[in-house]
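Here is a short report on one protein chain. Look at the structure first, then read on.

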Amino acid sequence: MWLNINKFGDQGSRILVWSQRNIENFIFNSCLFELEDLIKEVDLADVIAPPAYSFKGKVIKKIVKNSTQYIKMIAHFNPYLQPIYLEQEYDLFLAILDFPQNLSSINLLKNRQQKCYFSVCYLIEIWHKDLPNLKNFIEFFQDFDLICLGHSEIVNDVQKIIDRPCIYLPPGVNAVKFCPDLVRSDRSIDLVTLGRRSEIVHQALLELAEQKKFFYYYDYIGGAEQRNNRHQEHRTLIANLLKNSRYFIVNYAKINQLQETHGQREIGYRFFEGAAAGSVLLGCSPDNIAFKHYFDWDNVIIPIDFDEHNIVKIIAELDSQPELLKQIQTDNVVNSLLKHDWVYRWEEILRELGMSITLGIEQRKHQLPNCAGIDSVVLALPRH
């Protein structure tokens, strides 16, 4: 089975992005597909998404997921049952995986190493407690030139397992899409919460919404099993929600699932989305080295307990300080434009490999500060 690259992209492409959007098209992965789209926009890239698995393929994938921890060679099983061969050569092969257990589709490419000069994998979620069971999965990536990890506190452990260069690559956001109109002061939504939440805080906000003119937006269907084949529309929805919300509750990843994290604290994607949209963030930060490095401006988050009993009082106190709120919104937006657009993450990968930076990357970096306006940049100068 031969892959005719002309059918999928440009013969001049130097990057092959191997996308899971047809396989792991869960709604929570929309932000990762956003990164893939941006790479295609700013670089010479082909984004190829292998098709969803057949019934037999799903069975094989399940075997890989459940049995690789016991038998290392199972990681190399191909759910498609037959390989494809790349005809075109690329400077870089990039696979973005939500979990290392979902590596199966990579095995479809029989001659990846011969056709791609560099190979990089971005592994989003790995918890320290899972490393014994994931060791064989992680060793699968020993022939990659660089492993980017979405969790900061696991980098050294993973590097010891595979003895390959590993870096922390934090989440990002399409800062242009999420950038609000800072001149407009009104926001039609008072507070948004998405994903896991405290029932104590939720009930207090529900009562506030019933008693007063307070627009409280929340989701009531868990996203763990939701699938979505229109990720760009979903990202637009999230961006518009947050650009119109005054407050956004965010917490470090899996804050209420200590049995899974064992105290490992990681920055969740919501921090980047909320800040880029200019919402005032309320919640619990990881308070680790990574967070202090990437969110190094004043009042990036107003700290509250996960089960905050005084949430209504805290909001009222903040509402009495409109100038402070405006400054927080501005600082969040401008710093996000300067630090957290996905283009900066892509540039970091290229620089790690010593690859050239394209004109498209430079143009986007030049345009990003202008999204907020020069006055906003002046207002957002550090005041530590």
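## Confidence and overall build

In this predicted model, residues 376–381 keep a pLDDT under 50. The model has 13 contacts beyond four places in sequence for residues 376–381. Where pLDDT is low, predicted coordinates should not be read in detail. The chain as a whole averages a pLDDT of 92. At least 70 is the score of 94% of the residues.

Now the fold. The chain has 16 helices and 13 strands. Its radius of gyration is 22 Å, close to the 21 Å that the globule rule gives for 384 residues, so the chain is as compact as a globular protein of that length. Along the principal axes, the C-alpha atoms fill a box of roughly 65 × 45 × 35 Å.

What share of the 384 residues counts as buried? The share is 57%. Take the contacts with a separation of 6 or more: 77% of them join residues 24 or more positions apart.

| Property of the chain | Value |
|---|---|
| Accessible surface | about 17800 Å² |
| Part of that surface on carbon and sulfur atoms | 52% |
| Distance between the mean positions of the 41 positive and 48 negative charges | 5 Å |

Finally, zoom in on one residue. D130 sits in the loop between β6 (116–123) and α4 (131–139). Its relative accessible area is 22%, so D130 is partly exposed. D130 and P286 are 156 residues apart in sequence. In space, their C-alpha atoms are 20 Å apart.

Note on methods
Residues numbered from 1 in each chain as written. Predicted model: local features only at pLDDT ≥ 70, side-chain atom pairs only at ≥ 80, totals over all residues. Heavy atoms only, no water. Helix = DSSP H or I, 4+ residues; strand = E, 2+ residues; numbered from the N terminus. Rg over C-alpha atoms; globule rule 2.2 N^0.38 Å. Buried < 20%, exposed > 50% of the residue type's maximum accessible area, 1.4 Å probe, protein only. Contact = heavy atoms within 4.5 Å. Areas by Shrake-Rupley, 256 points an atom, 1.4 Å probe, with all protein chains shown as cover. Lys, Arg positive; Asp, Glu negative; His and termini not counted. Charge placed at Lys NZ, Arg CZ, Asp CG, Glu CD. pLDDT = per-residue confidence, 0-100.
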